[in-house]
Amino acid sequence: MNLHEYQGKELLASYGVAIQRGIVAKTADEAVEAAKELTTTTGTSWHVIKAQIHAGGRGKGGGVKLAKSIDEVASVAGTILGMQLITPQTPPEGKKVNQVLVAEDVYYPGASEPSEFYISVLLNRATGKNMIMYSTEGGMDIEAVAEATPHLIFTEEVDPALGLLSFQARKVAFNLGLSGMAFKEMTRFVTALYNAFVGSDASLFEINPVLKTSDDKIIAVDAKVTLDDNSLFRHPDFEDLRDLSEENPVEVEARAVGLNYVDLDGNVGCMVNGAGLAMATMDLIKQAGGEPANFLDVGGTADAARVETAFRLILKDPNVKAILINIFGGIVRCDRVAQGIVDAYKNMGDAIQVPIIVRLQGTNADIAKELIDSSGLNVLSAVAFQEAADKVQEAIG
Ligand code: GDP
Ligand code: MN
């Protein structure tokens with residue numbers, strides 16, 4: 001689950017990570033109120049207005065703007081709110097901005113120039129350890145830094161049994177070229193950041209930029225936070241952070257009825273049970289020259305009601321030209337699944353306009369095939385994996 005920047009910053013702050021202060025707003029009037037309130041605590045009358053969408057690169061797309069007066073806050077917030085923001089990370093049509101973060105301007109000029117760093121925390125799956133990736137080249141596209149100057153990106157792996165050790169936090173501050181007060185601030189920042197990562201069961205933190213202000217404070221100016229969906233049961237309060245308007249509506253609907261659905265770009269709908277079989281099925285479709293339109297795991301029960309729900313979800317995607325049902329009947333018997341398919345199909349009447357290819361293997365597979373073949377419906381049965389994929393290709397032409 002992805003968070004908005006303002007939510008990510010609040011999460012970080014709750015773990016003692018220093019952040020650029022801000023208040024979220026849904027209208028220009030709210031933005032003005034937010035700016036006035038911020039001014040009373042920060043003392044600065046300059047603010048940045050930042051579009052809150054689940055995508056980075058907002059600055060480049062015109063979604064982050066400085067306002068030097070309250071009037072400018074109103075006009076800038078008015079322009080950004082409601083805009084269709086296009087960044088390198090959004091779909092081509094962009095994303096609609098429903099909220100802005102009004103934040104204190106932290107790039108105030110001072111004795112020394114502010115510097116921007118990059119710090120992320122993520123799991124290195126190869127070593128099974130969390131790692132801190134960091135660089136002096138903050139504020140820029142980190143992929144470009146990795147390409148052009150990979151030696152400017154450092155990594156620090158953390159042993160899960162030991163946690164982040166204080167020498168590691170100091171190493172980060174040292175490699176970032178800091179000294180004195182900023183050095184101490186950075187060790188504190190990194191330590192708090194790592195605690196926040198572990199404490200919230202996050203799968204990614206990306207803070208770009210981390211800013212050293214002209215008075216040597218270290219603060220998070222941006223926050224990309226991804227929480228691990230599999231750990232959400234441990235954090236019931238995080239459920240409120242979900243922004244359904246940022247998610248694919250069909251995926252939201254599927255989750256509500258307990259189905260795992262992931263939307264993809266192709267034209268072959270896939271109904272399977274089990275994630276492993278889903279992967280294998282998608283590979284097979286691709287090998288046969290097709291492209292999967294989705295990944296839909298109906299799980300252990302595949303009765304008529306569930307199959308019907310699955311059909312309806314898959315058919316919401318207008319690109320679907322055929323549906324491949326590939327189910328292994330281990331706990332659930334194949335004949336029951338076949339009956340479910342036939343019943344659901346009949347129940348849906350004209351709603352199904354695309355050919356359906358069914359491969360059922362496992363308990364009572366032969367009875368299931370018989371049921372499908374004698375149904376008189378536009379449903380083709382297949383026994384072998386390859387045969388199923390070939391029939392799909394034939395069906396979509
Ligand atoms: P992103 O483009 O989506 O990654 O959004 P960021 O939150 O990283 O903001 C983009 C850029 O806006 C940053 O790299 C900064 O250069 C700039 N920015 C952010 N906060 C401030 C601020 O308080 N004052 C000024 N002048 N610029 C800011
Ligand atoms: Mn950023």
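**A short note on this predicted model**

1. Let's start with helix α11 (residues 365–373), where Ala-365, Ala-368 and Ile-372 are buried (under 20% relative accessible area with a 1.4 Å probe, protein chains only; exposed is over 50%). Because these three cover an arc of only 60 degrees around the axis, they sit on the same side of α11 (the arc is taken from the directions from the helix axis to the C-beta atoms). On the other side, Asp-366 and Glu-370 are exposed. The cover over the buried residues includes α10 (334–348), β17 (356–362) and β18 (379–382).

2. A word on conventions: this is a predicted model, in which local features need pLDDT of at least 70 and side-chain atom pairs count only at pLDDT 80 or more, while totals for chains, interfaces and linings use all residues. Residues are numbered from 1 along each chain, ligands are numbered from 1 in the order written, and side-chain values use heavy atoms, without hydrogens and water.

3. Next, look at the largest nonpolar core, with 40 residues (buried Ala, Val, Leu, Ile, Met, Phe, Trp, Tyr and Cys joined through side-chain atoms within 4.5 Å). Leu-12, Met-186, Phe-189 and Phe-205 touch the most other members. Helix α6 (180–199) gives the most to this core, 10 residues.

4. Another core, of 36 residues, lies apart from this one and includes Val-250, Val-332, Val-358 and Ala-368.

5. Finally, the manganese ion (ligand 2) is coordinated by Asn-208 (O) and Asp-222 (OD), at 2.2 Å (donors are N, O and S atoms within 2.8 Å of the metal, or 3.2 Å for Na, K and Ca). Asn-208 counts as buried because its relative accessibility is 16%; Asp-222 is buried too, at 19%.

Note on methods
Helices (H or I, at least four residues) and strands (E, at least two) are DSSP runs, numbered from the N terminus. Contact means heavy atoms within 4.5 Å.
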